Amino acid sequence: MSRVTVSKEFSWDMAHMLAEHEGLCKNLHGHTYKMRVTVAEKRGSLEDDGAAAGMVIDFKDLKQVVKQEIVEPLDHAFIYWGNSPDEVEHQIARLLSNAERKVFEVEFRPTAEMMASYFLSLLEDSFDNLDIEVVSVKLWETPTSYAEARGEN
């Protein structure tokens with residue numbers, strides 16, 4: 001049997017800035033992010049019995065994990081680099097946090113490439129116990145620009 005993958009798309013709005021960037025992205029700005037998550041059955045075959053027969057995963061279950069791990073924590077948040085050399089980035093994060101606004105700290109410069117890789121890692125951990133392989137995470141920062149992270153296999 002051929003290998004079957006399933007994909008689901010998600011979107012959310014989020015702000016960031018890129019410390020030490022030489023262009024406009026050094027400024028605080030936002031995007032409507034779109035992300036496609038593609039998964040496959042680790043064993044290489046579809047479920048063969050029960051309510052999941054003939055499926056890689058129920059789309060509802062895929063949606064639940066991705067929303068819980070990524071979309072809900074990040075939607076309308078300011079994502080920032082906790083070790084940024086740019087003090088302004090830390091000041092903005094503190095100001096927003098003190099005003100009880102949504103902030104999300106990461107240990108990397110929040111580029112589309114790094115976020116796609118981070119999201120892939122988060123989802124690999126979340127789906128591991130379900131025997132589901134995360135094949136790829138494709139993250140659009142604009143309608144025409146995206147980064148893609150692929151799983152090991």
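A residue counts as exposed when its relative accessible area is over 50%, and as buried when that area is under 20%. In this predicted model, Arg 150 has a relative accessible area of 57% and is therefore exposed. Its salt-bridge partner is Glu 148, at 3.2 Å from N to O. Glu 148 is partly exposed, at 34%.

Strand 3, residues 77–81, lies at the other end of the scale. Five of its five residues are buried, so the strand is largely enclosed by the rest of the structure. Ala 77, Ile 79 and Trp 81 are buried on one side. Phe 78 and Tyr 80 are buried on the other.

Strand 3 pairs with two strands named here. Strand 1 (residues 5–16) runs parallel to strand 3 and is joined to it by two bridges. Here Ala 15 stands opposite Phe 78. Strand 4 (residues 103–106) also pairs with strand 3 in the parallel sense, over four bridges. Val 103 is the strand 4 bridge partner of Phe 78. Together with helix 2 (residues 87–98), strands 3 and 4 make a right-handed β-α-β unit.

Seven salt bridges are found in the whole structure. One of them joins Lys 34 to Glu 9, at 3.7 Å from N to O. Lys 34 lies in strand 2 (residues 29–41) and Glu 9 in strand 1, so the pair ties together parts 25 residues apart in sequence. A network of salt bridges links Glu 9, Lys 34 and Arg 36. Lys 34 is partly exposed, at 31% relative accessibility. Glu 9 is partly exposed at 38%.

A further salt bridge joins Arg 94 and Glu 87, at 2.7 Å from N to O. Arg 94 is partly exposed at 43%, and Glu 87 at 40%.

How values were computed. Residues are numbered from 1 along each chain as its sequence is written. This is a predicted model: local features need pLDDT of at least 70, side-chain atom pairs count only at pLDDT 80 or more; totals for chains, interfaces and linings use all residues. Side-chain values use heavy atoms; hydrogens and water are left out. Buried means under 20% relative accessible area, exposed over 50%, partly exposed in between (1.4 Å probe, protein chains only). Two strands pair if DSSP finds at least two bridges between them. A crossover is right-handed if, with the strands pointing away from the viewer, the path from the first strand over the helix to the second runs clockwise. A salt bridge is a side-chain nitrogen of Lys or Arg within 4 Å of a carboxyl oxygen of Asp or Glu.
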